[in-house]
Every structure is written in C-alpha cells, then in structure tokens.
Amino acid sequence: MVHSSVLGFPRMGKLRDLKKATEAYWADKLSKDELLAEGKRLRLEHWKIQKDAGVDIIPSNDFAYYDQVLDHIQMFNAIPERYSKHGLSTLDEYFAMGRGHQKDGIDVPSLEMVKWFDSNYHYVKPTLQDNQTFKLSDDPKPVRHFLEAKEAGIATRPVLLGPVSFLHLGKADRGQNVDPISLLDKLLPVYEQLLKELKKAGAETVQIDEPVLVFDLPTKIRDAFKPAYEKLTALQGTEGPQLVLATYFGDIVHNFDVVDSALKGVHALHVDLVRNPEQLDKVIEHMGEKQILSVGVVDGRNIWKNNLKKSIEVVESAVQKLGKDRVIVATSSSLLHTPHTLESEQKLDSDVKDWFAFATEKVREVAIIAKAVTEGPASVESELEANAKSLQARATSKRTNNPEVKKRQEGVTKEMHERQSGFPTRYDQQKQHLKLPLFPTTTIGSFPQTKDIRISRNKFTKGEITADEYEKFIEKEIRDVIAIQDELELDVYVHGEPERNDVVQYFGERMDGYVFTTHAWVQSYGSRCVRPPIVVGDISRPAPMTVKESKYAASVSKKPMKGMLTGPITCLRWSFPRDDVHQSVQAQQLALALRDEVVDLEAAGIYVIQVDEPALREGLPLRAGAEREKYLSWAVDSFKLSTAGVKDSTQIHSHFCYSEFQDFFHAIAALDADVLSIENSKSDAKLLKVFIDEAYPRHIGPGVYDIHSPRVPS
C-alpha cells in the first residue's frame, strides 16, 4: 500500500485565528491560558482536517506561536543571556526573542530574522555563544503535541528541524567567534534525548528536516552529517523512532556523497519533485536497500490545482522500481506557504476558483494520488475527470493570454534598460534639482494603517461613503503624515500610503492579469500575514496607479516628495505566480507596467521615486551556478526596465530588507539605483560592511529602526 503524508500544515487558522489571539495576548487583552487554549483548538482542528481527508501520515510539532526555528532555540535552551536573565515567563521570553521586549524596565531587541530559503517566510536565526551549552526543556513541545494528538485519537509524525540544518542556519552572537557547526557534539545528545522521549510517548516515526541539503555546502557541513546520523539512526527501532529525513526547495543530487555515506541508515528519505522532478531516478539509485522514498508531488509553495494524472505517473514510476511498500505520496514541502482553504473564497469567479487548491484541498490531492496508485485509477475516476476538466479550462481561457502584452514585450530593446547617463552625471543634476543636504533623511514609505484608515476603506468598499468622501479622508491622512515629517525635519517626504491595503495587492488590483482573494492569508513572520494576489494571465497597466495621491502630497509639501512603488520582482515573488509561463516573462510584463507608472510620476512632479525590491534575494536559486546567474540577469533587467525611463535629474531609490546579499552583490550594484536603503537594525551592520568592502559606487541608506518590533531604540 502506498501511504500519503503531509510535511506540515498552515498554523494561522481559517480566519487568521492565531494572529488575532497572539496580538490580543501582546496587547494584554488575552491571558496566557486563553492563548494556549486557542493554539490547542487550532492544532486539533488542523489534525482533523487531514485525517478526514484520508491522509495516512499527519504531522505534529509543525505548529508554532511565532516561528518553528524559534521553538527549537527555546527547546534546546540556546537562549542568549540577555533574554534569560530577566525571569520572564517561558512564553514572554519566547516572544522577546521573536519581536523584542520593552516593558517593566526590561529592554531587549529581537533576534535576527531572515528569509527561510527562497520563500517569503522569515525565521528567527539561532544565535550562539562561544561557551554554548544545550539542554532539552523539561516539557518538550514535540512530545507534548504528539500526546495531545494521541489523546484526540490521531496518530501523528512529529516534525523536527535536523541538527545540521539548525546549526548551519545559525550564527555566532555579537562579540562571539564560535563556528556554529563546531557545536554539533554538544547538540546531538539533546536530539538523542528528545527522540527517546518521543519513542517513549509512542511515536513510531519522526520527520527530521535537513533542508540545507539542497545548498552547495562547505566541506565541514557535509562532513557533519555522518557523525550526526550515525548517532541518531542507531536509536531507530530500539530506543528511538524511525527517522524520515526530509529535504525540499531543491534537489540533492550534488550531495549524493552525503546521502551515500551518512543517510542510507535513515528509515525514509523525502525529496521535492515539484521543484526538481528530474532527480527521481538518480535518488532511487542512491537509496538504501530497504529505505522508503517519500515523493513530494503536491506543491507546498503555490496554489494551482495539481495535475493528478501527471503526479500519479511520477509515483507509479517510483513504485515500479521500489514497490508500493517503499513509496509515500507527499506534499513537496510544508503547506505553511499556502492559504488555509479555498472554501472561504466566496467572491472569486467560479471558473477561476476551479483552477486553485489551497492547503485543505492539497491534503485531499495527496490522499487521492495515493489511493489511485494503491487501488488503481478507477477508484478515483470522478476526481480524475474533474481535475482534467479544470486543467483544460485554464489552458484555453481567454483570461490567460493578451496578444497586446506579448506584442509590447517583443518591442523591448537593450537601450530601454539603461539610464541616460552614468551615476556621477546623474548625481550632479540631482544635487542641483533636489537641493538635499549632506546625510539626507527619509523613511521607507508607509506609515501605520490606523484603525480609522481601515474603517474608512471598509466603508468605501461597502458603498457606505462616496468616492469623494473617501478621497477627502485620504487627503487629510496625507496632510497629517506630512505634518509629522515637518515636525521631525526630515528631508525627503513620503505620503504615508494611507490608500494602500498591501505593498503588492494594491498594485495588482490596478493591473490586468491578476485575481484577488478575501481570506487566502499566508504567514510571513510571527503574527504577520499576507494575502498574495494571484497572477492568472498576461499583465498590463490600464491606467496610472499612484499618481493622484503622490501629486496631491507634493502639492502640500515643502520638501521633495518620494513616489513609492513595489518593484517587478517583488510583485511577482509576493504573488502566487503562474506555473505555465516562465517567471522571467511575468517579471518583464510587470516591469513594463511599472515603467509607465514611473514616467507618469515624473511627469506629475515627483522627482524622487522608490521602487522597492525586498524580494530580490528570495528569488535567487539556492545554489550558485548558471541558474543563479540567469535569474539575476533577468531580475536586474526587469528592475532597470521599470526605472530607466526617467531623466538624469530624477533620483531612483530602491529598498531591501532582511536580505543576506553578500553572495550576489554584483547584481545589487548592477541595478544602478541612485540610492539603496537596507535593513541595518537587526544585522549588526554586517550588510553595511558589504557595501564598504565592495566599494559601492552610489548612495546607501542604512535603516536604523526595526519596524517589526514595538521597541524604541536609544
């Protein structure tokens, strides 16, 4: 029998229940016991969804109140003293590491937060000491959640982040010199103890994630797998559960020597066949004699309905070589990166809605594929027929193809990607035109979306106020934001973006080729959720998107006003992109739409224009080489195409946050932005140092306030 499995399920709940509860706890409107009770309710609800869908192997310990890596930091007592010394409750200490704490005389910033591989999810970085020790918490969460599910009559497979990945994704703390991987011998006994406790609780298998295996790894990291897994696999079946080692977001072909030397002893191996389907045959060749293969054929990162016929064929090809008892059908990765359920979407056109599958629908797809392979396609005939009909309808839809957009793309020339002059000439003209002082100050752009703003937008959406009334409200908000900047004596102003609902959705709603949801929220970090637009067809801009508000702001400002746009790569990466057209094609379509907007802003008297690309880093292929350079080439071209249509005297800014771009700095420089603003509040100035070391030739804006923390720095 071919079993089905899910690597992880979204945490937030159908209506962002966890976000609401967590933020109520932070605001002292919900007690600790009430927050914990809400977490338990959500866990049970999510386990039941998967069980009712027919999934055989259901994950536990995939739930976190803030971040799964932060859970491990606390569980292993890898807590820097600046958090542990204050006597905070376990829960408040946890949140202090995630978001900072400034209360009752305690003032600590959060730990560093960075992107999880090439996703828009952010994890908290393990931050380690020279004299680091590890100790398993008294009531380890994986055991507690396993028993919780067991008590509800649901057998689960606990999920852990593996020891090599935990250390490799960490860093030495400020003023420390420890190489994280050198701590492996100290960390392994804690994993051994945890596995023994899980076995004692009744866990038969444990999913242990080692996603760093998709990276090009240094020799010392590759070498760490052998001693780690010799110890952990030695426990299998006797003192510990069977281990299912999971990789995702890439292939592991380049690390087969690690698989051969260190991982043939694990009970099962999971690989991502959505991202890299071509690795299947090679992986099978390198498997142990009785090792089970978990094939990730249902996409954990996008919202398109699975091609069931194709997935069944992939699974059957594995079964032919290994047998049914040695193959598991699975999601490609955790479903953390997908919305909760399509059932909540009542406003989507029915024809388009039929193209999608969110987390709840994806777990059903996993079960259908497993049943088809086990019992034969006839056992799911109606499901396969409906699936084929949906795929055909999408492929032939007029919403997908726009000949005018394709024609414009054919007319793009090399010259359209270049500014009129080099930076020295541009800067001379900008100095004369903008008359900025040395060390000019600005903000990144958006001011808080206040309760009044949300209420007014909601009233306008429902038709309870007129367009004229809403416009007057927005203009008042803009004037208030300008007054604040007058008081602070900033040099380049922003209008605060009160009219915008999201950095990507706002633009997507004003372009053809997108559709939007009402409840398709996805966790970005902590309690922060985003509702990515969905690219369903060719993209174009029918009319100006931001000019009216920016022009008004400039008319009531005594300082230069900065136009604010989201760049083509970020619009693409923070949407759910099409899977039937290469992303470079979609990025160029977005660039052309934004180019028109940039030119229109300049014509309206906006001479500082910021085109944000915080997602440039997350789109980078995880391994160095030809694919990475290809991506950087079309990504940089997209940015330049969007910004190069202005005069030399107009200053182009861009913004990056929470990105480690040391390994592709040449591409950052190639963007040719006049000013780059970067995150500098969490990263100990290490990003700033890169600009110094690389002798960056243009202007830089280090961001010194952490906008993700309520803490006010000195």
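At 4% relative accessibility, Phe95 counts as buried, where buried means under 20% relative accessible area, exposed over 50% and partly exposed in between, with a 1.4 Å probe and protein chains only. This is a predicted model, so local features need pLDDT of at least 70 and side-chain atom pairs count only at pLDDT 80 or more, while totals for chains, interfaces and linings use all residues. Residues are numbered from 1 along each chain as its sequence is written, and side-chain values use heavy atoms, with hydrogens and water left out.

I will stay with the rings for a moment. A search of the whole structure finds 23 aromatic pairs. Rings of Phe, Tyr and Trp (its six-membered ring) pair if their centres lie within 6.5 Å; planes under 30 degrees apart count as stacked, over 60 as edge-to-face and the rest as tilted. Tyr66 and Phe95 are edge-to-face, because their ring centres are 6.4 Å apart and their planes stand at 65°. That pair links distant parts of the chain, 29 residues apart: Tyr66 is in the loop between strand 2 and helix 3 (68–75), and Phe95 is in helix 5 (residues 90–99). Helices (H or I, at least four residues) and strands (E, at least two) are DSSP runs, numbered from the N terminus. Tyr66 is buried too, at a relative accessible area of 3%. Another edge-to-face pair is Tyr506 with Phe507, at 5.6 Å centre to centre and 90° between the planes. Tyr506 and Phe507 are both buried. There is also a cluster, in which ring pairs link Trp116, Phe117, Tyr123, Phe215, Tyr248 and Phe249.

Next, strand 8. How many of the residues of strand 8 are buried? Six of six, across residues 156–161. In a regular strand the side chains alternate between the two faces of the sheet. Here both faces are covered, with Thr156, Pro158 and Leu160 buried on one side and Arg157, Val159 and Leu161 buried on the other. Strand 8 pairs with strand 2 (residues 58–60) in the parallel sense over three bridges; pairing requires that DSSP finds at least two bridges between the strands. Ser60 stands opposite Pro158. Strand 8 and strand 10 also run parallel, joined by three bridges, and Leu161 stands opposite Asp209 there.

Helix 9 (residues 219–233) has 15 residues and reaches 22 Å from first C-alpha to last, close to the 21 Å expected at 1.5 Å a residue; the expected span is 1.5 Å times one less than the number of residues. Its buried residues are Ile221, Ala224, Phe225, Ala228, Tyr229, Leu232 and Thr233. What covers the buried residues of helix 9? The cover includes helix 7 (163–168), helix 8 (184–201), strand 10 (205–209), strand 11 (242–246) and helix 10 (256–263).

Last, the annotated site. The unreviewed UniProt entry gives a "binding site" annotation covering His655, Cys657, His666 and Glu679; UniProt positions are in the numbering used here, feature names are shortened, and annotations may be inferred rather than shown by experiment. Cys657 is in the loop between strand 21 (651–656) and helix 25 (665–670). Cys657 counts as buried because its relative accessibility is 17%. Leaving out residues up to four places away in sequence, Cys657 touches Pro614 and Glu679, contact meaning heavy atoms within 4.5 Å. His666 is in helix 25 and, at 45% relative accessibility, counts as partly exposed.
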